[in-house]
Each structure stands twice: as C-alpha cells, then as structure tokens.
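Please work through the exercises below with the sequence and the model side by side, trying each task before reading its solution.

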Amino acid sequence: MKKRRKTPQKTVPVTVKLDLACGQTKAEGWVGVDRVPTACVDVVHDLLRFPWPFKDESVAEARCSHFVEHIPMAETPQGVDLLIAFMNELHRVLVPGGKATIIAPWYASVRAWQDPTHRRAISDATFLYFNRAWREREKLDHYPVTTDFDFVPSYTMDAAVAARNEETRAFWMTRYLNVISDLTVVLTKRKPEGAP
C-alpha cells in the first residue's frame, strides 16, 4: 500500500497590531502593551527593556501615543540612547511595509514641558535620524541606528492658525510657541532594496 504524501501547508505569518504604552486607553482591536498592568494591557512589558517579547517582523502595525517624550535621556548597557533603542526595536518587530504612528507633544508647546515626567522634546526633524538614506547623506551612519523608516508628519494646531494659508502656518510653526500642540508621525518600514 502506497503512503499518501502530505501536501505541505503554507505558513501564514501571524501579525498583530500593537498599542505601545497603551495605559488605560487601548485602541479597539489592538494588543495593548505597557509595563503597568491595567484592564487594557494584554502584554505587561517595559518598552525600555530589550528585546520586546515579539518576533522579528511579526507586527503589522503599531501605535504609540504620548510615550516617547517620557523616554529618559539615558542609554542602554550597550551605550545606545534609549529613544534610538526604542526605535530600533520598533523597526525590528514591524513587517516590511508596516506602519507605526507616533504621537507626541510638539517641542515648542507648553504641552512638551507641563508634565513633570516628560524627559525630552520631539520635533518632526527627530525622525530624519531613523531614515537610512538621510543618515548616510548627512554622514551620520556611524550612529547606532538600525532603522530605515520613511515618515509623514502632521500637526494638531491652534484653530486660529489652522484656518490660515499654508505659508502663514509654516511661518508661525517655526517662530512662535504653542502654535502646534501635538505632532503625529506615521512611519513606514522601508522594504529592503530589491524586495517586491
């Protein structure tokens, strides 16, 4: 009697959507990650302890609202700035083409400094450092950054400013305080060169 050959099963990678540092406000349908166990937290983990408990390229999408400004101005035991280590880890777990949305107070807003637990200011230019081509062009590829993200910023503005034309908004954004309250950046993990 002939043995039937089993048809190999296609393995489909399991990907998740992570709400990083979700606290008590996890987005519906997402996996909540935080170091403090709350009703919203599915995975209790300190996001400044590396590696995170997720496999390489296992996360389809991530969101992180009002956490990065709390990351201390400190380094890992290997001497890597904690914000850089956080971004390296985010890049590691995202699938190629995966997106991450980061929301933080604008650096020139009172919101950036009103909370005594805020440790650093975040601007849209901060995210340039997480794009490989920009680092190479600026001769900063010696930084311990392993990411390659494209990003698109958007801004939560004072209503009076938002109603103005683009030129006026751009002028006010760079010269006045409290014009923008929050920065939202959507990062996309670039696919490796030659990948479909």
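This is a predicted model: local features need pLDDT of at least 70, side-chain atom pairs count only at pLDDT 80 or more; totals for chains, interfaces and linings use all residues.

**Exercise 1.** Determine over which residues pLDDT stays under 50, and how many contacts beyond four places in sequence the model has for them.

Solution. Begin with the chain as a whole, whose mean pLDDT is 92, with 92% of its residues reaching 70 or more. Then turn to residues 7–13, where pLDDT stays under 50 and for which the model has 0 contacts beyond four places in sequence.

**Exercise 2.** Find how many disulfides the structure holds, and explain the result for C22.

Solution. A search of the whole structure returns 0 disulfides. For C22, the closest cysteine sulfur belongs to C40 and lies 5.8 Å away, which is too far for a bond, because a disulfide requires the two sulfur atoms to be within 2.5 Å. C64 is likewise in no disulfide, since its nearest cysteine sulfur, that of C22, is 10 Å away. As to accessibility, C22 is buried at 4%, and C64 is buried at 3%.

**Exercise 3.** Classify the geometry of the ring pair Y129 and W134, and state for each residue whether it is buried, partly exposed or exposed.

Solution. The structure holds 10 aromatic pairs. In the pair formed by Y129 and W134, the ring centres are 4.6 Å apart and the planes meet at 65°, so the arrangement is edge-to-face, the cut-off for that class being over 60 degrees. Y129 has a relative accessible area of 31% and is partly exposed, whereas W134, with 13%, is buried.

W172 is partly exposed at 25% relative accessibility, and Y176 is partly exposed at 43%. Elsewhere, W52, F67 and F86 form one aromatic cluster.

**Exercise 4.** Locate H45 relative to the strands, decide whether this residue is buried or exposed, and list which residues it contacts beyond its neighbours within four places in sequence.

Solution. First, H45 sits in the loop between β3 (43–44) and β4 (59–65). Second, its relative accessible area is 17%, so H45 counts as buried, the limit being under 20%. Third, once neighbours within four places in sequence are set aside, H45 is in contact with V33, D34, R35, P51, W52 and P53; of these, W52 also belongs to the aromatic cluster with F67 and F86. Finally, H45 and L20, although 25 residues apart in sequence, are 9.7 Å apart in space, C-alpha to C-alpha.

Notes
Residues are numbered from 1 along each chain as its sequence is written. Side-chain values use heavy atoms; hydrogens and water are left out. pLDDT is the predictor's confidence in each residue, from 0 to 100. Contact means heavy atoms within 4.5 Å. Rings of Phe, Tyr and Trp (its six-membered ring) pair if their centres lie within 6.5 Å; planes under 30 degrees apart count as stacked, over 60 as edge-to-face and the rest as tilted. Buried means under 20% relative accessible area, exposed over 50%, partly exposed in between (1.4 Å probe, protein chains only). Helices (H or I, at least four residues) and strands (E, at least two) are DSSP runs, numbered from the N terminus.
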